[in-house]
Amino acid sequence: KAGQQAHNKHQGTHTHPPQGPSTTDTTMFRLSLVAALLAGSAEAFAPAPLPLAGATRRATTASAASSLSMQRLGSVGTQQTAVLTKELFTKLDADGSGTIDMQELSEVIPGSKAEVEALMRRADLNGDGVMDYAEYERLMAMSRNDDAQGGNLYVRNALNLGLLKKGSVLEDCVMVGNKGFDPLNTATSMRVLEQYREAELKHGRLAMLAAVGWPVSELLEPYIAKALGSADLLAAGAKAPSILNGGLDRINPVFFMGVIIFTATVESVALSTPRSGTPGDLGFDPLRLYAGKTADVKRDLELKELNNGR
């Protein structure tokens with residue numbers, strides 16, 4: 001350094017004071033600081049990931065282990081960001097069962113058995129010993145929004161606005177479409193909540209069928225009546241018979257009685273038949289739009305049906 005200064009002086013140049021950090025270093029520091037602040041507010045990340053136990057694991061599985069290992073201890077320990085994605089669940093679900101069990105977790109997370117069990121307890125909301133996609137989605141929300149109310153911001157806002165009672169089953173619930181709206185506290189237990197969800201889906205499906213059936217009946221009824229040689233039963237203005245449009249007096253009362261008896265019979269059989277599984281899942285999928293899909297796609301389809309019905 002002394003030789004360089006002498007050379008500079010000899011050349012008639014001035015030495016410059018040491019420069020500060022480069023723009024790249026400053027940018028990296030800012031990004032690290034933002035990441036640390038986000039991680040600290042999330043309260044959902046644990047120490048840095050441990051190395052893989054075996055050298056034969058794929059690089060994608062190594063990434064999965066890194067992400068999940070940061071979720072082990074929740075808000076305890078050194079905070080560090082990690083990204084949980086839908087694709088990561090598929091990689092962890094090695095047997096394609098739609099759930100992640102202790103064996104699959106222990107294969108990619110080389111920590112102690114107690115640490116793996118701690119992660120499973122944190123994720124396994126219903127206590128069945130496995131992590132399904134709904135619980136994994138909850139874990140993703142917790143990694144973004146902290147652990148309160150399972151990371152569900154809709155539920156958190158509903159509590160703040162008085163639309164949900166503290167301690168409700170909806171407060172930390174992975175049922176698809178949970179917005180935390182229950183101002184009358186009607187969902188007193190998970191069993192009751194599932195019954196309400198079943199009823200909501202039925203009403204939504206009937207509403208969607210009616211939204212299609214109403215205009216279709218007005219378009220096709222004249223052609224059907226002509227083909228059968230029967231009277232045109234549309235109300236004035238070629239509108240479907242209804243209370244608002246009129247024309248109900250032209251419908252045979254036997255038709256209405258038949259509809260009431262049919263629906264009552266179907267409902268009584270459904271209520272008297274014990275059924276487990278996802279509310280509203282009747283196994284009706286002739287176009288195979290649901291069967292065979294991954295867990296995240298199925299959950300997305302369930303949410304779309306629910307939102308359309310609402």
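**Helix packing, salt bridges and a nonpolar surface patch**

Helix α7 (residues 133-145) packs against helix α11 (residues 295-309) at an angle of about 85 degrees, and their axes lie 10 Å apart. Axes here are lines fitted to C-alpha atoms, for helices over the stretch in contact, with angles running from 0 to 180 degrees between N-to-C directions. Angles of 65 to 115 degrees count as roughly perpendicular, under 35 as roughly parallel, over 145 as roughly antiparallel and the rest as oblique. The α7 and α11 helices are therefore roughly perpendicular to each other. In contact terms (heavy atoms within 4.5 Å), Tyr133, Ala134 and Glu137 of α7 meet Ala295, Asp296 and Arg299 of α11.

The model is predicted: local features need pLDDT of at least 70, side-chain atom pairs count only at pLDDT 80 or more, and totals for chains, interfaces and linings use all residues. Residues are numbered from 1 along each chain as its sequence is written, and side-chain values use heavy atoms, with hydrogens and water left out.

The chain holds 11 helices and 2 strands. Both are DSSP runs numbered from the N terminus: helices are H or I with at least four residues, strands E with at least two. From the N terminus on, the order is α-α-α-α-β-α-α-β-α-α-α-α-α. Of the 310 residues, 28% count as buried. Buried means under 20% relative accessible area, exposed over 50%, and partly exposed in between (1.4 Å probe, protein chains only). Among contacts with a separation of 6 or more, 50% come from residues 24 or more positions apart. The chain exposes about 20000 Å², and carbon and sulfur atoms supply 62% of it. Accessible areas come from the Shrake-Rupley method with a 1.4 Å probe; for residues, only the protein chains shown count as cover.

Side chains of opposite charge can pair when their charged atoms come close. A search of the whole structure gives 10 salt bridges, each a side-chain nitrogen of Lys or Arg within 4 Å of a carboxyl oxygen of Asp or Glu.

One of them joins the side chains of Glu137 and Arg299 at 2.5 Å, N to O. This pair links distant parts of the chain, with Glu137 in helix α7 and Arg299 in helix α11, 162 residues apart. Glu137 is partly exposed at 29% relative accessible area. Arg299 counts as buried at 14%.

Arg122 and Asp147 form another salt bridge through their side chains (2.7 Å, N to O). Arg122 sits in helix α6 (residues 113-123) and Asp147 in the loop between α7 and α8 (153-160), so the pair ties together parts 25 residues apart in sequence. Arg122 is buried, with 13% relative accessible area. Asp147 is partly exposed, with 29%.

A salt bridge also forms between Glu200 and Arg197, whose closest N and O atoms are 3.2 Å apart. Both residues lie in helix α9, 3 residues apart, about one turn of the helix. Arg197 is buried at 9% relative accessible area. Glu200 is partly exposed at 27%. Salt bridges with shared partners join Arg197, Glu200 and Arg310 into one network.

Val212, Val216, Leu219, Leu220, Tyr223, Ile224 and Leu228 make a nonpolar surface patch of about 750 Å². Patches are made of residues with over 30% relative accessible area and no salt bridge; like charges are joined within 9 Å, nonpolar side chains (Val, Leu, Ile, Met, Phe, Trp, Tyr) within 5 Å. Leu228 lies in helix α9 (residues 190-228). Leu228 counts as exposed, at 67% relative accessibility.
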